[in-house]
Amino acid sequence: MTLAEGIWQQIFNFDNYGELLALVRNSLIVGVALGLVGGLVGVFVIMRDLPFAVHGISELSFAGASAALLLGVNIVAGSIVGSLIAAGTIGLLGSRARDRNSVIGTIMPFGLGLGVLFLALYEGRAANKFGILTGQIVAVDTPQTSWLLGTSAVVLAALAVMWRPLAFSSADPEVAEARGVPVRALSFAFMLVLGLAVALSVQIVGALLVLTLVVTPAAAAARVTASPVLLPVLSVVFAVASIEGGILLALGSSIPISPYVTTISFTIYLVCRATGTYRTRQWGARRSSS
């Protein structure tokens, strides 16, 4: 076997695939729920220009998960606690964009440093450390499934309650505030929801690549539509396709799931970007010829 064939076998290996498929039933179920969460939350992340906040929250989520691993408690719970602390801090101290970015820039290295410290103190399996950074949803067990599905339900319920006023305040905060919409309270509430969504996404692609689920699907959808109905639908479809496709491709390989999810998500974005550019040029050509 040549080196290229060996690498290809590591990346894509479908031996005994049918038997392995039965082992990831929980992962596939959770993947749909988390794709729904990431796709919907991502719409507001794009509208409110919060990708940098997502990255900042993921660093504290990483720290929380690392602390939970060190203490021998539920990693998902630790990730959620870390995310909520970061999200709450950003929401309280960063009401304006400039202040928010300064807060995030301070939180990120602190969270990363804490996470590295906790992992350095942890003496267990190296795979557990690596999983926090790169994701490990292929190995989701029943307790983790309950945590992930329960937290997903909380996020979806919160979004259902605040969707319309949140969309209004995201599109035009000054007019929304003049109309009596509690813009600041909604902003803080959304940051907490975002913290939960980030903690969930960390379980799939790890702390390093969380943007690929909370940002990329919505950014891709925004390239092909501005419809307030179609945008979240496409964002969810893209997120679910990335997660489920990543799980199915990673199943038979020795590679972590995150490269598969990020590659699918990025490919979707490139296709949508090319489609949006082509449609814009076509519209411009028709307009200039008329």
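# Helix packing and burial

User: Does α5 pass α10 in a left-handed or a right-handed crossing?

Analyst: This is a predicted model, in which local features need pLDDT of at least 70 and side-chain atom pairs count only at pLDDT 80 or more, while totals for chains, interfaces and linings use all residues. Residues are numbered from 1 along each chain as its sequence is written, and side-chain values use heavy atoms, with hydrogens and water left out. A crossing is left-handed if the near helix is turned anticlockwise from the far one by less than a right angle, and right-handed if clockwise. By that convention, the crossing in which α5 passes α10 is right-handed.

User: At what angle do α5 and α10 pack, and how far apart are their axes?

Analyst: Helices are DSSP runs of H or I with at least four residues, strands are runs of E with at least two, and both are numbered from the N terminus. Axes are lines fitted to C-alpha atoms, for helices over the stretch in contact, and angles run from 0 to 180 degrees between N-to-C directions. For α5 (residues 75–93) and α10 (residues 183–205), the angle is about 150° and the axes are 8 Å apart.

User: How many charged residues are there in the contact of α5 with α10?

Analyst: In this contact (heavy atoms within 4.5 Å), residues of α5 including I80, L84 and G88 meet residues of α10 including L192, G195 and A199. By class, the contact has 14 nonpolar and six polar residues, with Ala, Val, Leu, Ile, Met, Phe, Trp, Tyr, Cys and Pro counted as nonpolar, Asp, Glu, Lys and Arg as charged, and the others, Gly among them, as polar. The number of charged residues is therefore read from this classification, and for α5 with α10 there are no charged residues.

User: Why is α12 described as largely enclosed by the rest of the structure, and which elements are included in what covers it?

Analyst: Helix α12 (residues 216–224) is largely enclosed because seven of its nine residues are buried. Those residues are T216, P217, A218, A219, A220, A221 and V224. The elements covering them include α3, α11 (211–214), α13 (230–250) and α14.

User: Is S66 buried or exposed?

Analyst: S66 is placed in helix α4, where it touches G115, F118, L119 and I132, not counting residues up to four places away in sequence. With a relative accessible area of 0%, S66 is buried.

User: What phi does D49 have?

Analyst: D49 is in the loop between α3 (25–47) and α4 (51–71), and at 59% relative accessibility it counts as exposed. Most residues other than glycine have a negative phi. D49 is not a glycine, yet its phi is positive, at about 55°.

Note on methods
Buried means under 20% relative accessible area, exposed over 50%, partly exposed in between (1.4 Å probe, protein chains only).
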